[in-house]
Structures are given as structure tokens and as C-alpha cells.
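Please examine the sequence and the three-dimensional structure shown below. This briefing concerns a pocket and a ligand.

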Amino acid sequence: MDALAGRTALVTGASRGIGRAIARRLAREGALVAVHYGRNEAAAQQTRELIVEEGGRAFAVGAELGVPGDIEALYAGLEEGLAAQGTEPCLDILVSNAGISGSARIHEVTPELFDRLFAVNTKSPFFLVQRGLKNLRDGGRIIIISSAATRVAYPRSVVYAMAKGALNTFTLALARELGPRGITVNAVSPGFVETDMNVEKRVTAEATAALAALSVFNRVGQPADIADVVAFLASDASRWITGQCLDASGGSRL
Ligand code: NAP
């Protein structure tokens with residue numbers, strides 16, 4: 001599999017969960033992958049080791065997002081890592097995946113929770129892309145991980161859903177903006193996926209069964225389900241798709 005041979009990818013939040021699966025999948029297709037993490041360096045190094053074991057190339061880049069100076073720190077680390085690999089400071093694929101959840105109904109939302117969810121889930125992806133446009137080659141790919149919570153009413157996590165909804169709007173505008181450079185911009189909206197993010201929602205067999213029942217396939221999504229969609233969007237095969245939000249929720253709540 002060498003569909004992405006010679007390409008360079010940055011995947012934010014690739015130390016665990018969906019981001020790790022995306023990083024591994026892109027590396028299996030031949031891309032050199034920058035495995036970004038926030039605080040969990042050990043997990044990021046584990047992702048890197050898994051990629052190397054699978055015959056791929058990767059390096060880790062740490063930068064906490066949603067704090068002042070986050071984007072500058074991330075790109076300084078990225079460019080340093082690329083130089084160490086003997087590669088130009090250029091990207092072909094930018095995957096904005098890092099994110100946090102925050103369950104709270106409207107009466108429970110505090111200004112602090114609101115600001116934090118928008119800082120990490122909306123503001124940092126926006127400026128990640130804005131700064132990344134310097135490095136991204138023409139003909140490149142931008143893939144933004146959104147959520148199916150933007151398609152169905154999700155009052156249990158109202159601010160999280162709003163923050164992800166802003167990413168869908170961003171995707172649309174950006175696709176138009178970057179068309180002349182041949183860059184496609186798409187969002188992927190997972191439903192429930194088995195990761196650390198929702199471990200507290202799967203504490204009992206009954207709770208897990210209820211999450212599985214949301215999908216027409218009666219199972220909870222796996223990180224690889226999302227990574228396969230991202231790999232398609234990163235490939236040449238998706239060249240005629242831009243400005244779209246692809247639902248990857250196993251037909252949840254159709
Ligand atoms: P996860 O298992 O909790 O992993 C989150 C990843 O993001 C980790 O690599 C983490 O880095 C990084 N991260 C989180 N906050 C960060 C911050 N402030 N600064 C830098 N890095 C940060 O999450 P996941 O389930 O894989 O979710 C990945 C994406 O999919 C998110 O955007 C999420 O909203 C979206 N999504 C998930 C689901 C689901 O059911 N899991 C459903 C729909 C959408 P560290 O390891 O260093 O902490």
C-alpha cells in the first residue's frame with residue numbers, strides 16, 4: 001500500500017484513540033506522519049513505535065492546544081521534526097483531530113466550560129489550519145474531525161455540539177477559499193467510537209448496548225472505522241470531493 005508514498009501528514013491528537021488509528025493508517029499508505037499529542041508523550045511514542053513496527057515512518061510532536069502560544073509551539077516542533085527526518089518543512093495532509101468532550105446541559109454550562117470547549121475544539125483547529133497554510137502544498141488535503149452531534153440534537157453536550165458545528169461551517173468556507181490551490185477540505189463526523197473520550201459512557205454492558213443500538217449496525221464504532229474514511233479523503237481518489245461533512249457514524253440515528 002503506497003497511495004501516500006512521498007507525502008507528509010500532521011495528525012493532531014494522534015497519541016490515542018481515533019487520531020492514533022488515523023496516524024497508523026496514513027503511515028501504512030506510505031506517508032511520513034507527525035504524531036501530535038498534548039500531554040501524553042508516552043502514548044505518542046507508543047503510536048510512533050506501532051507505526052515503525054508496521055514498516056512506516058513517524059515522529060512525535062508535543063504541544064498543548066487551547067492555551068496561548070499553542071500553534072506556534074506545534075509548528076516549531078513540526079518543523080524541527082521534519083528537519084530531523086531530512087525532509088522539507090512541507091505538509092500534504094493536515095488532519096485536525098485533537099478534541100475534548102464536555103457533557104453539560106444548558107443549565108449546567110459555565111462560562112469556563114464554554115470557553116474551554118471552544119478554545120480546544122474550534123479556535124485551535126482554526127488557527128492550526130491558518131498557520132498550516134504556509135506549509136501545506138498546493139493539491140493538499142485538510143481533514144477536520146467533527147461529530148455526528150452536529151447532525152442530531154444533542155442537548156447533553158450542547159456546547160460541544162456547537163463547537164463542532166462551527167467546524168462544519170469552517171470546512172465549507174475553507175473549501176471555497178482553497179479551491180484555487182487545489183486543496184480539498186472535508187470534515188468527518190463520527191458517532192460514538194470506542195476511545196478514552198467516552199469510557200464513562202460504557203461502564204456497564206447495558207450502557208454499551210444502548211450506544212451500539214444507536215447505529216443501524218448495532219455496534220459501537222472503532223477508531224479504524226474513522227481512519228479508513230480519513231485515508232480515503234487523504235488519497236487522490238477523493239480529488240472531486242470538497243466542502244463536505246461525511247457522516248461516519250454507522251448510520252446512527254438515521
Ligand atoms: P481521545 O481518545 O480522548 O484522544 C484525544 C486526543 O486529543 C489525544 O491524543 C489527546 O492528547 C489530544 N488532545 C486532547 N486535548 C488536547 C489539548 N488540549 N491539546 C493537545 N492535544 C489534546 O479522543 P477521541 O475519541 O480519539 O477523539 C478524537 C476526535 O474525534 C475529537 O475531536 C473528538 O471530538 C472526535 N469525536 C470522537 C467521538 C467518540 O465517540 N470518541 C465521537 C465524535 C467525534 P494526549 O494523549 O496528550 O492527552
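The model is predicted. The space that the ligand takes is the largest pocket, and about 1100 Å³ of space lies in that pocket.

**The largest pocket**

- The lining of the largest pocket comprises 46 residues. Those nearest its centre are G99, I100, S101, T195 and M197.
- Helix 1 gives the most to the lining, with 3 residues.
- By class, the lining residues divide into 18 nonpolar, 19 polar and 9 charged.

**Residues around the ligand**

- There are 33 residues around the ligand, and S15, R39, N97, Y160 and T195 come nearest.
- This shell contains 14 nonpolar, 13 polar and 6 charged residues.

**Contacts and burial of the ligand**

- A polar side-chain atom of S15 is 2.6 Å from an oxygen atom of the ligand.
- A polar backbone atom of I18 lies 2.8 Å from a ligand oxygen atom.
- For G13, a polar backbone atom is 3.1 Å from an oxygen atom of the ligand.
- The ligand taken alone exposes 910 Å², of which the protein buries 93%.
- Helix 1, strand 2, helix 4 and helix 5 are the elements that give two or more residues to the shell around the ligand.

Technical notes:
Residues numbered from 1 in each chain as written. Predicted model: local features only at pLDDT ≥ 70, side-chain atom pairs only at ≥ 80, totals over all residues. Heavy atoms only, no water. 1 Å grid on protein atoms, 1.4 Å probe; cavity = no way out; pocket = protein on both sides within 12 Å on 5 of 7 lines; lining within 4 Å. Points joined across faces, edges and corners; volume = space filled by probe spheres on them. Helix = DSSP H or I, 4+ residues; strand = E, 2+ residues; numbered from the N terminus. Nonpolar A, V, L, I, M, F, W, Y, C, P; charged D, E, K, R; others polar. Near = heavy atom within 4 Å. Polar contact = N/O pair within 3.5 Å; in protein donor to acceptor, adjacent residues only side chain to side chain. Areas by Shrake-Rupley, 256 points an atom, 1.4 Å probe, with all protein chains shown as cover. Sits in = over half its atoms within 2 Å of the grid points.
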